[in-house]
Amino acid sequence: MHLSRFHRVKLTHAPTPLEYLPRLTEYLGGPRLYIKRDDCTGLATGGNKTRKLEFLIGDALAQGATHIVTQGATQSNHVRQTAAAARKHGLRVTALLETRVADGAPEYYNNGNVLLDQIFDASIETRPAGLDMNAELHGVGERLRAQGERPYLIPGGGSNPIGALGYVVCAQELLVQANDLGLKIDRVVHATGSAGTQAGLVAGLEGLNSGIPVLGIGVRAPKEKQEENVYNLARQTWELLGVRGDLRREAVEANSDYVGPGYGQPTDGMVEAVRLLAQLEGILLDPVYSGKGMAGLIDLIRTGRFGKDENIVFVHTGGAVGLFGYRELFGSPLERA
């Protein structure tokens with residue numbers, strides 16, 4: 001996979017660490033758990049979108065873009081990283097924030113990622129839930145084009161074939177690390193939402209004939225829809241890479257049992273997972289993606305889905321800054337001395 005064929009900028013502090021989680025492994029009684037620290041990618045507090053943005057911003061610059069336009073939920077990790085990447089390369093940025101969570105606390109709409117978007121001077125426009133956000137994206141692009149800008153549109157999550165190349169890179173990186181450690185990985189698990197991370201991992205690991213299955217723990221869509229979205233994007237990425245043969249449909253697996261009431265809505269499992277990783281391993285998860293992804297992994301371990309001797313790698317997609325939008329779940333005011 002000759003990824004140097006594609007336009008790319010350097011944003012990621014790579015390779016990100018691959019760490020063993022001894023205390024969580026002991027607490028759960030096996031399997032052996034490892035974590036791929038893509039919360040440590042470096043850009044604007046890090047996260048998985050940074051890898052995607054290397055290729056997306058590279059493509060935008062190659063096309064002579066002056067203005068990046070993207071969209072996401074109110075507490076979008078993607079928007080925060082996109083704003084930072086755009087600013088780093090001298091591009092203006094407009095972000096459409098969809099109010100998917102209508103009953104959040106005041107911090108949800110003013111703190112966390114929203115605060116960082118404002119610090120990066122992103123032009124923020126809000127949209128109610130339920131609109132066709134891709135159509136909204138194109139509408140803003142047309143408006144900017146009429147104003148003399150050269151807009152480059154990035155879909156939610158950076159999840160298109162160009163963005164998914166970032167997780168083909170991650171798949172390659174993970175295999176190098178595993179080989180250096182003499183570690184046989186039995187499966188990779190992560191939170192899956194807009195599909196780009198899972199699509200890139202699947203295309204990369206399948207294209208490299210790794211034999212490592214990928215399980216995405218869904219945070220929004222039902223299982224059938226999530227798998228359809230991931231497979232379609234993985235197949236497009238496969239074709240962009242020019243990999244020979246067909247991508248197996250069986251390579252895409254999602255479990256959407258841990259979404260709870262809906263996207264961005266807290267669950268008891270998520271809260272437990274965030275607390276466990278913090279208190280056992282000193283690692284912060286996020287309340288929307290990695291928290292629910294880890295909650296799913298923990299529950300599947302407890303219900304005997306995985307063997308005690310398996311080696312499982314959890315890909316941490318970042319987003320801990322979003323915790324500041326959920327303060328009422330995790331903290332209480334300190335008493336003044």
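Biologist: At what angle do the axes of α10 and α11 cross?
Modeller: This is a predicted model, in which local features need pLDDT of at least 70, side-chain atom pairs count only at pLDDT 80 or more, and totals for chains, interfaces and linings use all residues. Residues are numbered from 1 along each chain as its sequence is written, and side-chain values use heavy atoms, without hydrogens and water. The axes of helix α10 (residues 268-281) and helix α11 (residues 290-302) come within 8 Å. They cross at roughly 90 degrees.

Biologist: Is α10 roughly parallel or roughly perpendicular to α11?
Modeller: Angles of 65 to 115 degrees count as roughly perpendicular. The crossing is at roughly 90 degrees, which makes α10, relative to α11, roughly perpendicular.

Biologist: Which residues of α11 does α10 meet?
Modeller: Contact means heavy atoms within 4.5 Å. From α10, Gly269, Met270, Glu272, Ala273, Val274, Leu276 and Leu277 take part. Their partners in α11 are Gly291, Lys292, Met294, Ala295, Ile298 and Arg302.

Biologist: Why does the length of α8 agree with its number of residues?
Modeller: The expected span of a helix is 1.5 Å times one less than its number of residues. Helix α8 (residues 196-207) has twelve residues, so it should span 16 Å. Its end C-alpha atoms agree with that, being apart by 16 Å.

Biologist: How many residues of α8 are buried?
Modeller: Buried means under 20% relative accessible area, with a 1.4 Å probe and protein chains only. Helix α8 is mostly covered, and among its buried residues are Gly196 and Leu205. Of its twelve residues, the buried ones number ten.

Biologist: Which residue in β4 stands opposite Ala73?
Modeller: Strand β3 (residues 67-73) pairs with strand β4 (residues 92-99) in the parallel sense over seven bridges; two strands pair if DSSP finds at least two bridges between them. Opposite Ala73 stands Glu98.

Conventions
Helices (H or I, at least four residues) and strands (E, at least two) are DSSP runs, numbered from the N terminus. Buried means under 20% relative accessible area, exposed over 50%, partly exposed in between (1.4 Å probe, protein chains only). Axes are lines fitted to C-alpha atoms, for helices over the stretch in contact, and angles run from 0 to 180 degrees between N-to-C directions. Angles under 35 degrees count as roughly parallel, over 145 as roughly antiparallel, 65 to 115 as roughly perpendicular and the rest as oblique.
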